[in-house]
Amino acid sequence: MPGEPSVVDLNADVGEASDDAGVAVERALLGLVTSAHIACGGHAGDPESMRTTVQAALAAGVRVGAHPSYPDRAGFGRRPMDLSPGDLFSALASQLSALVAVTTALGTKVHSIKPHGALYGEVARGAQTYDVLLGVMAAHGGPDTALVLPSGAPAVDVARAAGVRVLREGFADRAYAADGSLVGRHVAGSVYGEPELARAQALELVTHGTVTASDGTPLTLDVDTICVHGDSPHAVAMAHAVRAGLDAAGIAVLAPSTRST
């Protein structure tokens with residue numbers, strides 16, 4: 001419920017970088033966040049990037065999660081795809097099993113699954129893609145693997161009713177629409193580039209369970225985890241600002257699996 005929580009997870013999506021500069025940003029983020037969702041071959045990533053990213057996350061003391069997507073590297077997973085349930089299951093199962101193989105070899109596990117891009121939005125609505133992803137989780141995830149969903153999404157209550165562990169996600173660096181969804185990336189101002197704006201939004205979400213939409217509409221969104229994107233402008237500065245703001249407010253920044261409750 002809203003009001004002064006003392007703990008929150010801070011997460012970033014990593015393993016997506018295509019050059020050394022991008023990798024450097026991701027590595028810097030791993031020094032600030034507590035959870036990392038790693039691209040596993042759908043929109044980005046390959047066995048080598050998964051291995052090195054998991055190693056970097058473990059070295060930084062960061063909990064590892066999976067970031068599967070539609071098999072759409074050309075569109076970076078941001079375009080819906082018309083796949084049959086069977087084909088989608090195969091694509092997502094291949095991604096998750098690839099990351100599980102890496103984590104197992106490195107002595108850890110996949111603690112959470114956060115769909116990427118277009119898949120994230122469709123799963124959040126409780127569409128057929130939700131059922132497919134739940135099937136993949138049952139087949140290739142552990143019994144305590146959490147599903148990361150946007151706070152306020154219809155699928156949150158559906159998943160909880162089915163006994164699925166859910167982490168409700170809020171975004172520090174993206175603008176919200178009046179219906180609680182994220183403003184499309186093609187809209188000016190939808191992706192923040194100002195560290196102070198990201199800090200303020202993260203604190204509003206965590207301490208009050210609220211956020212102000214781009215049109216001024218007040219929204220109530222309880223969160224368990226806050227995302228900072230590695231591909232946002234000035235990503236590292238923004239993550240520093242968010243982490244510093246949470247620390248200054250006396251909020252413990254911890255991965256869910258390290259909490260005592």
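## Contacts of Y192, two helices and an aromatic pair

Beyond its neighbours within four places in sequence, Y192 is in contact with A172, D173, R174, A175, L197, Q201, S232, P233 and M238. The model is predicted. Y192 sits in the loop between strand 6 and helix 7. Its relative accessibility is 9%, under the 20% cut-off, so Y192 counts as buried. One of its contacts is polar: the side chain of Y192 meets the side chain of Q201 at 2.9 Å. G245 lies 53 residues from Y192 along the chain, and the two C-alpha atoms are separated by 16 Å.

Q201 leads on to helix 7. This helix has 14 residues, 195–208. At 1.5 Å a residue it should span 20 Å, and its end C-alpha atoms are 20 Å apart, so expectation and model agree. Q201 is among the buried residues of helix 7, along with A198, A202, L203, L205, V206 and T207. Just after helix 7, G209 takes a positive phi of about 65°.

Helix 1 covers residues 20–30, and its buried residues are G22, E26, L29 and L30. They span an arc of only 105° around the axis, which means that they lie on the same side of helix 1. In an α-helix there are 3.6 residues a turn, so residues three or four places apart point the same way. On the other side of helix 1, D20 and A21 are exposed. The cover over the buried residues of helix 1 includes strand 1, strand 2 (35–39), helix 2 (47–59) and helix 8.

Which residues form the aromatic pair? The structure holds one such pair, made by Y120 and F171. The geometry is edge-to-face, with 6.1 Å centre to centre and 90° between the planes. Y120 belongs to helix 4 (residues 117–124) and F171 to strand 6, so the pair ties together parts that are 51 residues apart in sequence. Both partners are buried, as is Y192.

| Residue | Relative accessibility | State |
|---|---|---|
| Y120 | 9% | buried |
| F171 | 4% | buried |
| Y192 | 9% | buried |

Methods:
Residues are numbered from 1 along each chain as its sequence is written. This is a predicted model: local features need pLDDT of at least 70, side-chain atom pairs count only at pLDDT 80 or more; totals for chains, interfaces and linings use all residues. Side-chain values use heavy atoms; hydrogens and water are left out. Helices (H or I, at least four residues) and strands (E, at least two) are DSSP runs, numbered from the N terminus. The expected span of a helix is 1.5 Å times one less than its number of residues. Buried means under 20% relative accessible area, exposed over 50%, partly exposed in between (1.4 Å probe, protein chains only). The arc is that of the directions from the helix axis to the C-beta atoms. Contact means heavy atoms within 4.5 Å. A polar contact is a pair of N or O atoms within 3.5 Å; within protein, one must be able to donate a hydrogen and the other to accept it, and residues adjacent in sequence count only if both atoms are side-chain atoms. Rings of Phe, Tyr and Trp (its six-membered ring) pair if their centres lie within 6.5 Å; planes under 30 degrees apart count as stacked, over 60 as edge-to-face and the rest as tilted.
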